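Dear colleague,

Please find the structure below for your study.

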Amino acid sequence: MNRKRRGLPTTTILVAVVVGVVAIILCCCILLFLNRYRSAMVLSARTSTAQAVSQVSNTVGSYLQGMEQAMSQVELAMGEEPDSRDRLLSSFLRFRPDVVAITSYSESGELLDCWSLGREPRESILQNLSFDPVRAQASDGPYMTAPHVESIFENYYPWVVTMTAPLEAGGGAAWVSLDLSFSSISSYINNVGIGQRGYCFLMDRDGTIVYHPQQRLLYAGLKSEDTSSLAALADGTYADDTVIYSLAGVAGDEWRVVGISYVDELVNQNVKAMLRLSVAMAAVILAASLLTSWLLSHLLGRPLRGLAAAMERFESDADHFAYRPVGGTREVRELSSSFGHMVVRIQQLMSTVREEEVNLRKTELKALQAQINPHFLYNTLDSIAWMCEQGRSADAVSMVHALARLFRISISRGHELIPIAREIEHAESYLQIQKYRYKNRFTYEFLVDPDCLDYYCNKITLQPIIENAITHGLELMVDEGHITVQICQDGGDILFRVRDNGVGMNQEQVDAILAQRPGDNAGIGIRNVDDRLKIYFGRGYGLHITSELDVGTCVEIRMPKVRGDEHAES
Amino acid sequence: MRRADWTAVLLAAVLLCLSACGGESQPAARHSVTLVAKSTQTEFWLSVFAGAEAAAAEYNLDLTTIGPATEEDYEAQNRMIQQAVEGGTEALVFSAIDFTRNAPAIDAAAQSGVHIVSIDSGVDSSQVSTYIGTDNYAAGRMAAQAALEQVEGPLRVGLVNYDEGTANGQERERGVLDALSECGRATVAGEVTTLVDAAQAQADTAWLLSQNPDINLLLAFNEPTSVGAAQAVEALGLEDEVFLVGFDSNVATIEGLQSGSVDALIVQNPYAMGYLGVESAYRLLAGQGEGLEPMVDTSTQIVSRSNLFTLDSQKALFAFEQSSH
């Protein structure tokens with residue numbers, strides 16, 4: 001569990017790295033793209049402004065040109081006789097409805113004649129804006145006025161542009177004026193839109209506004225145009241942060257067309273829209289990359305985690321581990337099957353090792369049995385012979401019986417586990433023989449829980465302990481020794497307890513006995529007993545020695561309750 | 001498993017964000033603005049509409065202009081306001097016929113979240129975001145001043161006003177009366193309250209003049225009353241005896257200026273009222289309402305016979321869009 005918490009899992013790292021890289025790349029791309037897009041938009045805004053302005057300039061130019069053509073026709077007509085002149089002019093007026101009036105003036109500037117379709121000039125004209133004698137005198141040839149209101153008719157005040165031309169002397173009239181309606185130009189200019197709010201206006205070379213679509217706001221001071229600085233600029237297109245100006249002169253005239261458009265709406269709004277679009281796209285791409293990397297890491301990560309978990313389980317309990325292969329990509333499957341092979345191999349090796357260990361102990365036991373028995377046998381036989389010589393035939397007989405029982409049980413037809421009753425019989429036979437040999441220098445007793453008798457135990461478990469108690473505890477004693485063998489149940493376990501009242505041992509001696517290698521001493525070592533228990537039943541079982549000098553030693557043997565020969569010969 | 005959940009939540013969030021972005025990138029719907037005028041006939045109001053339409057085109061607004069048949073019908077205005085609100089308008093540009101009796105309708109409209117811009121003539125409501133129009137009191141003083149400069153001697157004054165509930169007419173009259181009483185040589189001979197209709201105004205003015213033949217200064221307070229007064233003066237042949245000051249420009253009063261029946265005109269800037277009114281409505285709708293002044297004075301100008309054809313007067317008096325005739 002602890003290992004899992006250490007460090008981030010692959011999934012998170014993979015997702016973070018992929019998404020991070022994609023996000024950085026996207027940011028760079030968006031910035032680059034928007035930058036380029038903005039400059040392109042500015043360029044196109046300038047172009048469209050310039051185009052609008054040049055269109056207006058062309059239109060105004062052709063309007064003025066048309067006016068000059070009309071003027072030349074009027075001049076021609078003025079040279080005719082009065083009758084044909086009137087006829088010509090009235091048909092001219094019918095064809096040119098945009099001509100509001102044609103007026104002729106005497107040398108002194110008085111209105112002589114007026115031709116207009118269906119209108120007559122008022123009797124007393126307050127001020128005639130179509131003709132200015134001072135300017136007419138000063139001018140060499142034809143000239144044109146700024147737009148003004150036609151002021152010579154009653155109830156009719158259209159805006160017009162007037163062209164005045166001097167006539168050849170002798171015809172009666174000295175000047176002729178042509179008033180051309182300005183509404184076509186003004187409505188044209190009004191309708192020119194550059195973007196949503198951009199517009200065009202007309203001004204003259206000095207910067208005086210000739211016509212502005214919002215001139216009522218201008219004159220009310222609610223809006224202003226910086227015409228003086230615009231007048232200083234040459235024709236062309238100029239852009240600052242918020243506004244694009246474009247200027248173009250009208251051909252052959254002193255009027256100029258100014259176009260104004262707003263960077264904000266032509267450029268910034270588009271850039272903003274594009275930014276939104278890019279962000280949306282970036283979000284889609286990020287989501288896609290997130291999803292992809294997440295899927296990918298799951299494809300890899302989950303089987304890997306499964307594998308890791310399997311390894312962990314294997315590590316904690318190799319014996320009972322059953323491996324289930326993990327699915328996933330080919331690499332993972334290969335890894336999984338390798339691990340599967342390894343698990344099988346390790347489990348084989350482990351069982352081989354255990355078998356070998358068991359075999360080793362068995363062989364050892366058998367070897368030791370083979371080794372000690374003769375020695376013990378000689379002594380016992382000597383004792384029996386001596387008993388016979390003494391004529392104690394009854395003792396000799398029971399001795400021989402005990403010896404026979406000892407060997408029978410020792411061999412037990414090769415079984416490792418024998419019923420506890422048999423083991424007790426074995427231990428008692430041994431004690432009986434040793435008691436004869438030690439000439440009753442010790443006594444012994446068995447305290448056995450009868451319920452334990454049916455359980456099984458390893459053979460020759462008690463004998464080495466008793467042998468140790470006699471040789472190390474009682475042999476050196478002066479007083480009579482006593483050995484108690486107790487067998488009882490302890491929960492699911494069986495406890496064997498061999499207690500003596502001998503000289504006892506210190507801790508070093510205890511450790512030495514447990515570390516004893518076979519062959520150091522004649523007899524099956526205590527250690528061999530411990531090893532066999534542990535091999536058979538696991539680490540929780542085996543021997544435990546408590547000893548106190550001059551008090552005695554107690555050896556406790558713990559083993560599970562085993563019925564029958566379940567564990568035998570595994 | 002928790003990580004998977006977390007990732008799913010994140011994904012969902014991203015997708016939500018996406019849909020939000022997608023929704024936002026669609027072009028915003030056009031705001032709808034309704035201009036409720038006092039009339040749809042007079043040149044003054046046509047000029048207001050021209051300005052309003054120019055602003056609507058510039059700011060891409062869906063503009064509706066409506067007005068009652070007569071300039072006394074405040075109830076029709078109230079109905080129009082209600083209908084406009086029901087029709088889903090987002091802002092009202094409004095000129096009140098009646099200062100007080102139009103107020104409940106305006107309050108109700110503001111209650112339902114409609115922005116209110118007042119032009120030309122105010123309304124008694126605290127819901128008005130801004131007033132755009134003439135400073136009517138100052139315009140009234142200006143009218144009196146124009147007369148005082150031109151006419152010498154004691155003044156016997158006749159007033160031709162319209163609906164007593166209308167704010168702008170009353171404000172102008174107050175300005176006139178204040179200026180006249182300050183000069184000390186003027187007395188009000190008579191006043192007539194007429195309908196905003198030239199024929200009725202002419203009859204009422206004629207009656208006023210006949211009742212008070214000593215009147216030598218006549219003031220009329222809006223376009224139709226000025227036209228009616230001018231026609232009455234002309235019909236009675238009193239061009240030289242009576243100094244007439246009118247409001248707003250009309251072909252008839254301009255003729256009167258030239259023929260002598262009208263002596264001065266106080267010309268407002270209806271185009272600016274329409275334009276700025278709609279522009280203010282746009283700014284309120286676009287959430288830029290903080291910068292709005294509570295009152296914007298569109299300029300006024302005195303036009304008399306002497307400056308009738310100066311370039312400024314031409315631009316003030318004569319619409320380029322003139323398409324009649």
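Two strands pair if DSSP finds at least two bridges between them. Helices (H or I, at least four residues) and strands (E, at least two) are DSSP runs, numbered from the N terminus. This is a predicted model, in which local features need pLDDT of at least 70 and side-chain atom pairs count only at pLDDT 80 or more, while totals for chains, interfaces and linings use all residues. Residues are numbered from 1 along each chain as its sequence is written, and chains are lettered from A and ligands numbered from 1 in the order in which they are written.

In chain A, five strands make up an open, antiparallel sheet with the order 8-7-11-10-9. Strand 8 (209–211) and strand 9 (236–239) of chain A each have a single partner strand, so one side of each is left without a neighbour in the sheet. Within the sheet, strand 7 (residues 199–204) and strand 11 (residues 255–262) of chain A run antiparallel and are joined by six bridges. Cys200(A) has Gly259(A) in strand 11 of chain A as its bridge partner.

The second topic is the contact between the chains. It involves 38 residues from chain A and 36 residues from chain B, where two residues are in contact if their C-beta atoms, placed from the backbone, lie within 7 Å. On the side of chain B that touches chain A, helix 1 of chain B gives the most, with twelve residues. Helix 2 (43–59) and helix 10 (270–285) of chain B are among the elements that give two or more residues to that side.

Yours sincerely
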